[in-house]
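Here is a short briefing to read alongside the model. Have the viewer open as you go through the points.

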Amino acid sequence: MLKLSFVAAVVGMTVSSLACAGWMTTTKDDIFSGGQTAMLIGEIDPYHALIFDCDSENLTLSLIEQSKWKEGMSRGNWRLLVKVDQSQIRDFAAQSSQRNEKYVQIVTSDRDSILELLKEIRDANTNIQIGMQVKDADFKWSGTASPSGSTRETDRFLQACKLK
């Protein structure tokens, strides 16, 4: 009986630590390239996430927000800022768009800078700060993602995208 309780406790702690992991990678086969597509998701809060997407030709970085698309959202001079631990702030020019029926996104496709950021996230120790700004409207938002699970999941993403 004691042995069964110990096993249940270990399984419970394992499942709860996986559920609290801040990063997750999904992959699927790509019929067009014969390779894979992948998505790396870093949870910021219940309404925001940092998402990296890749396929055989593209690599993008998005900050998504659970929100409905509103008229005028595509206008503006958008910036996406990311800082990992004590590294430099990465400043991306970005565009807004509707990602799907539940989320809007601020997206950039600066491949070289995204690759550098991925390596920093893989090696993150303390925190990942994210900021979004519309210069023309004096609008700012910021949040923080945990580095929990970032090493394993970023490695999975880089491997699936053949970026290693």
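Thr37 is buried, with a relative accessible area of 18%, where buried means under 20% relative accessible area, exposed over 50% and partly exposed in between (1.4 Å probe, protein chains only). Thr37 belongs to strand E2; helices (H or I, at least four residues) and strands (E, at least two) are DSSP runs, numbered from the N terminus. Leaving aside neighbours within four places in sequence, Thr37 is in contact with Thr26, Thr27, Lys28, Asp30, Cys54 and Asp55, contact meaning heavy atoms within 4.5 Å.

This is a predicted model, in which local features need pLDDT of at least 70 and side-chain atom pairs count only at pLDDT 80 or more, while totals for chains, interfaces and linings use all residues. Residues are numbered from 1 along each chain as its sequence is written, and side-chain values use heavy atoms, with hydrogens and water left out.

**Confidence**
- The chain averages a pLDDT of 86, and 85% of the residues score at least 70; pLDDT is the predictor's confidence in each residue, from 0 to 100.
- Confidence is lowest in helix H1 (residues 2-19), at a mean of 36, and highest in E3, at 97.
- Over residues 1-20 pLDDT stays under 50, and the model has 1 contact beyond four places in sequence for them.
- Where pLDDT is low, the predicted coordinates should not be read in detail.

**Overall make-up**
- The chain has 3 helices and 9 strands, running α-β-β-β-β-β-β-β-α-β-β-α from the N terminus on.
- Of the 164 residues in the chain, 41% are buried.
- Among contacts between residues at least 6 apart in sequence, 54% join residues at least 24 apart.

**Helix H3 and its cover**
- The buried residues of H3 (residues 150-160) are Ser150, Glu153, Thr154, Phe157, Leu158 and Ala160.
- Seen down the axis of H3, these buried residues fall within an arc of 165°, so they line one face of the helix; the arc is that of the directions from the helix axis to the C-beta atoms.
- Their cover includes strands E1 (23-29), E2 (36-45), E3 (48-54) and E4 (59-66), along with helix H2 (111-122).

**H2 against H3**
- H2 and H3 pack at an angle of about 145°, with their axes 8 Å apart; axes are lines fitted to C-alpha atoms, for helices over the stretch in contact, and angles run from 0 to 180 degrees between N-to-C directions.
- Leu118, Ile121 and Arg122 in H2 meet Ser150, Thr151, Thr154, Asp155, Phe157 and Leu158 in H3.

**Nonpolar core**
- In the largest nonpolar core, of 34 residues, Phe52, Leu118, Ile128, Ile130 and Phe157 touch the most other members; such a core is a set of buried Ala, Val, Leu, Ile, Met, Phe, Trp, Tyr and Cys residues joined through side-chain atoms within 4.5 Å.
- H2 gives the largest share of this core, 5 residues.

**Positive phi**
- Most residues other than glycine have a negative phi.
- Asp85 has a phi near 50° and is found in the loop between strand E5 (78-84) and strand E6 (90-98); at 14% relative accessibility, Asp85 counts as buried.
- Lys162, in the segment after H3, has a phi near 55° and is exposed, with a relative accessible area of 71%.
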